[in-house]
Amino acid sequence: MTSLGVKDELSSNASCRHLMNMIMADDKDVLRDVWFGKIPACFTLSPEETTEREAEPYYLLLPRVSYLTLVTDKVKKHFLKVMKAEDVEEMWFEYEGTPLKWHYPIGVLFDLLASNTALPWNVTVRFKNFPEHDLLHCPSNSVIEAHFMSCIKEADALKHKSQVINDMQKKDHKQLWMGLQNDKFDQFWAMNRKLMEYPTEEGGFRYIPFRIYQTMSDRPFLQKLFRPVSPEGHVLTLGDLLKELFPAAICAEDEPKRFQVMIHGIEPLLETPMQWLSEHLSHPDNFLHISIIPAPSD
Amino acid sequence: MPSSLLWAVDVYGRVYSLSTVGQQWEHCRDAHLEFKRLTAVQLCCWSIACDHNIYLNVHASDVPIRYQEETYENQRWNPVDGFSDRLLPSDRWLWSDVTGLKHQPLGDFQLPSENWEWEADWYMDENFGGEPTEKEGWTYAIDFPANYTKDKKWNSCVRRRRWIRYRRYKAQDTWVKIPSEQTGSLPDPFNDITCGAWEITEEPRGCLALWAVSLQGKVWFRCGINHHNPEGSSWEEVPVPGEVVQISCGPGDLVWAVLWEGHLLVREGIGRDCLKGSSWVMVESPSPGVGAVHVAVGVNVVWAVTKDHKVWFRRGVNSHNPCGSGWIGMVGEMVMINVGLNDQVWAIGFEDRAVYFRQGVTASELSGKAWKVVSVPRDSERSHSSASASSLQSAGCFFGGEVRLQSQASVLSDAEPETERAGGEVVPTPEIGDVPKPRIPKVTSDSFISELVSDREGQISRRDVPPAGPSIPEEDHPEKEVEDRASPAQVLSPSQSGGVDPQWSNVDLEEAQTHLTSGPGGDAAETSSLSSVATYNLALEEPYGPDEHPKWAWVSGGGCLVECHTQLNWFNSSASTALNSSVQAMSLSITPAQTAAWRKQIFEQLSERSKREMENFMHYEQAIEQSVWVKKGTMQWWRDWKPHKWVDVQFALEQFSGAEGNKDGILFIYYTFNDEKKYLHVFINEVTILVPVLNDSKHTFAIYTAERIKQRWPIRLAAATELEMHDWLALLSVSCCDSRGIQGPPSKQAIWSVTCKGDIFVSEPTKELEASLYPTPSDQMFWRQVGGHLRIIETNSLGVVWGIGYDHTAWVHTGGYGGGFFQGLASSTDNIYTQTDVKSVYIYENQRWNPVTGYTNRGLPTDRYMWSDASGLKECTKNNTKPPSPNWTWASDWTIDYAVPGGTDREGWQYAADFPASYHGNKTLKDFVRRRRWARKCKLTTTGPWQEVPPIPLSDITILPCGPKSTVEQVPLWAISNKGDVLCRLGVTSLTPGGSSWLHVGTDQPFKSISIGGVHQVWAIAKDGSAFYRGSVSDQNPAGDCWYHIPSPTGQKLKQVSVGRTSVYTVDENGNLWYRHGVTPSYPQGSSWEHISNNVRKVSVGPLDQVWIIADKVQGSHSLSCGTACRRLGVLPMEPKGHSWDYGIGGGWDHITVRGNALEAPRILMPSLTDNHTATRPLLTSNQPEMNGNPVGC
């Protein structure tokens, strides 16, 4: 029943959006699309795990903006049924041999590692041999909450010198977290919009909170102070950001494209203003997560 | 926010204007003249040019200034000739005015000045009191003077007819000289000018006061300036107790003037019947010993500048106390200052002669916060040289004239030697440098002289006192110091600078004592010395280098509207502000960001992504299960049973995913009854509308379902605070929309309605709504609120939506939704703007006559309150009357309202035999009581998807209703201005719904209602209640050619008209709804009126000829409602009148428009739907026991 309902909602969203494009699209819809973006995943138990009987794969629609360990209770329950309690340690995931960092949003993991592969996304479930040097432990949801809130706070420090987040009450912080945890778009955005405000005369946030991820780098991600408007008053774009941090991603007209610059599974044009991206394509943690991946060679 | 202009004159006498949305000074090209000073109001600009003449620049408007001249032709019957020109010797003139006393043949009418032109020739008026006359326009009577009728009777001995002719003011957007024969008699040239007082008289009179000061210090008042006579008629001298140098008149009744000695004069006795005022009161200069040189007044403020350039703010000034109570010294050094609309302040700095704007002036903080320099470029720095070439000559003329005139006058005899020297020294000026010097002296006249004097004094006195305020750094000009040594000012300066008390020097917000002496007995000790100072040597002052921008000499903000939320881009001209201003531009709805390729790309890719990643996997399980979400609160509930009262309740909204996946919810209201806990519940998907009912005591709102609309009895709830109420309303509204799958902006077909509180609601029509057999009952329509505040909304099926506010401002829908208390998600982001509205609150002052003391406020014990509302039942004093709701704030003081139906006497009183009775405007012997109405304006500021369409205020509007698939390039849109002018909007398309400009359509009398039908048939109602049809309106000829007078239903004055595809309906002043019979394509005027219903307030006929009304007195099962939206049932192409009414949302509704709904019902009805509807039919019919389908219930 539930899944049927969601289908309706999404398809009505899609048709509505199409209509809106014809007339005049509202930026609100981008927020909805970003929030309700979901990746179909097929969880299979690693053959290295010892089971009592064969484990069926488990299919799930994962919210792109959430965290793996936050939305995989059902996966855990499913596989625990076929395992002995003594064989179970902390659950973790890998994709094609790469351990999946739960503290990156799911959409980022997917864009970075699997964006050009066939769907559903095949994720391997592990219960043993926790890769201590690759992954953080996640014993409970409160760890995710702490990580999520610290990201929001860092983002607001960049955007408003922490003024907005510090003005919020404890229950407001909770509302942000509960909104994400329970997939309540309205609940989350009722509070999050305050974090997206800025004085009109400034033309944007103080700095844009963003992180750039690459597949082939050892560094976890690139981060730098970057203002939405240049000192001369020009609006700075995604292209300007890349020119500064990852010039290789910008190719000349005649060159073949070497890299894909992905946010939420799409490739925005380089002239898209950073301020707009930050307001509309940020994850719930208020960071703009940008994945740079090698262009498929086909 | 429409743009308005700030005007300024530079030292070369060139006039510039700066728009509130602009970023550069625009040179007023027309001016081949140089100007000394100007004074601007919103509609025009007055100025003194260097040729001493006064010029007027009336800003162009889409509605011309026109005046109707009328005269009467009188005839008498005699047995020989029948009716003829042969009158009896005792009769009136053959051609006369309406009274017959004044002889006025057609040929005697002259244009008042060369700036007027005739519109056409004289013609006969064939409209007599709303009814058409016979062809020749004659009206008949037994004798002169008597009652005239349009029909000739056996005893009609005389007849007369009215001839009318229009003249039009043609000089717009150009400087016209005020005809010299009017100024020629004046003894000396003008030196200062100020215009204002437009707030004292109401529209349409629109009187202006223009005050001028002559070089000899006399004050003149220009009489007879009003809307129909922009130039005024004559000058009248106003005696003054001294020599005035400068004068300032505010929008209201404030007029202040500066005397040579430096004291100030305040005009008293200014009122509606006497714009000139009656007497002067003297107020001492703010600073002892340092006289004032300049004053500027607004509505509730007075600013002054003293000779040492200090700026002063007068405390406690208002209409009752025009003198105020004390001076406050402000930071900054200025040479002149000007107060504009909203008491905003501009000034010209002393050091840099730049224009400054006072930031942070609000109603609660009239003195503002800081001076900010206006730094925007001028559009032409090049015209400089040519301008100065011609200016040399005028400079010479000017000074020659000045000397001659002053030597003739004996008043200034002691100043004469200096004056002559001044004149003499002008000649050698060019010798000082080889560079072509800007000729400073010529421009600036005596005001400049006094500035120069004060410059020097400032320089000298500042050597004694600490340096000036921090905002304007001081610079020393060595040249000046040289001058100082040689100048006679040195002799005088010790006394002047000695008078400067250091304690006043630079301390902001420091108060001076009140120096208020009444009458002309001011301190005249300094007069002689000062006046001689003021005219002394000015020849060598050259403070400006040739490469600098010319300095400003004068600024006027009287036409410049800046509100606290207005964003001005005047203060730096960098690229980022340019970006901001582009958003403000009038091009509606579509900002560059919205059309950008990157944006489109993101929308497309996101859509593609969702499809790619989710479309084939929707059968997958969701990672996060949706759970029930509950929000609780406490409220008060208006109990459903008697005795009705507010009881405390617990309130809870449970939201969950409904059966089909869309969200749904249930609302619970828990109450205790007889110590038993009970609850009431409402399914969110059954809620039809949420109505905020904010009043001054409680924050209440009403929840309706279809069932409760039938009962006329909503669930009424009250929240503890306004904020809480808005939170709940926003949440409930989102929840209701979610449950019905409604999101985003209203569709083009949407039905809009407005409540009596100005709240706007919109409903999405279904195809079945206008089904001919079994339409969806209108009480099942779901309405959601849209932000903003309006009185009227009109729309068509192309998505063009216009509204009119209570203050007659026109607004166009931006395509957005939300605003108001709908924050965040329930609102669109890009197209929400600030919206303001103004309305008046009225109270009545009641008095009874007694033989001893006449009329007093002591009534009989049985009388109404001496201060009451209109009914007299509620006590309403000036102090205890609050604005209608917390959203409104007072925007003016209480004033007497003269525009009351029935008329008033000069003090605003209306008389009657007793309370309550019909009131009239003149006292008769039979009258024992009187009352007058007081009005106070209040203002509301909110947000909504609306953008203002300046500048003409409107009272009605209509947009061509289109069929479902029609494509119209230019959408015909007609409107009536608040003065009754008929206007046709050009350039309206679905992409530019705001259109471009108005085309004025002439009429013989003011109009009040208009409607255009599906095939361009335009009907209108005149103020006298008669109907008109406009002939030959088409796509090619959007304004048509002439009006056809249609007789009203017998004895009725029509009020409103609505025309659908073919149907024409009107409503009269007694609430009757009329249908026009016999309308055919070949005879579109129709033949007769058929009565359809009574108790109708308004009608809206849609593009399918569907008929909706706002009806009064609709009986529900629990209550009676007034202001109910009803729909006519049984309307078919062959049966356009329908047969009965179907009752929808109400009461408290004021307006509805269905003119956007061109959704035709599907031809084949699903059997299940049919069943469904037949089930609801009995309920409906049970509400309609009346014969003619009248919505009368009692």
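How many of the 14 residues of strand E28 (residues 326-339) of chain B are buried?

## Strand E28 of chain B

In this predicted model, strand E28 of chain B is mostly covered, with 13 of its 14 residues buried. E28(B) pairs with strand E27 (residues 310-315) of chain B in an antiparallel arrangement that comprises 6 bridges. Within this pairing, Val311(B) is placed opposite Met330(B).

E28(B) is also antiparallel to strand E29 (residues 345-349) of chain B, to which 5 bridges join it. Here Val339(B) stands opposite Val345(B).

## The hairpin between E28 and E29

The hairpin of E28(B) and E29(B) has 5 residues between the strands, and Asn342(B) adopts a positive phi near 60 degrees there. Asp343(B), in the loop between E28 and E29 of chain B, has a positive phi of about 60 degrees although it is not a glycine. Asp343(B) is buried, since its relative accessible area of 4% falls under the 20% cut-off.

Most residues other than glycine have a negative phi. Glu96(A) is found in the loop between strand E3 (92-95) and strand E4 (98-99) of chain A, and is exposed, with a relative accessible area of 64%.

## Cis peptide bonds

Most peptide bonds are trans. In chain A, the bond from Leu119(A) to Pro120(A) is cis, with omega near -5 degrees. Pro120(A) belongs to the loop between helix H4 (106-114) and strand E5 (121-126) of chain A.

In chain B, Pro950(B) and Pro951(B) are joined by a cis peptide bond with omega of about -5 degrees. Pro951(B) is located in the loop between strand E56 (946-948) and strand E57 (954-959) of chain B.

Note on methods
Residues numbered from 1 in each chain as written. Chains lettered and ligands numbered in written order. Predicted model: local features only at pLDDT ≥ 70, side-chain atom pairs only at ≥ 80, totals over all residues. Heavy atoms only, no water. Buried < 20%, exposed > 50% of the residue type's maximum accessible area, 1.4 Å probe, protein only. Helix = DSSP H or I, 4+ residues; strand = E, 2+ residues; numbered from the N terminus. Pairing = 2+ DSSP bridges.
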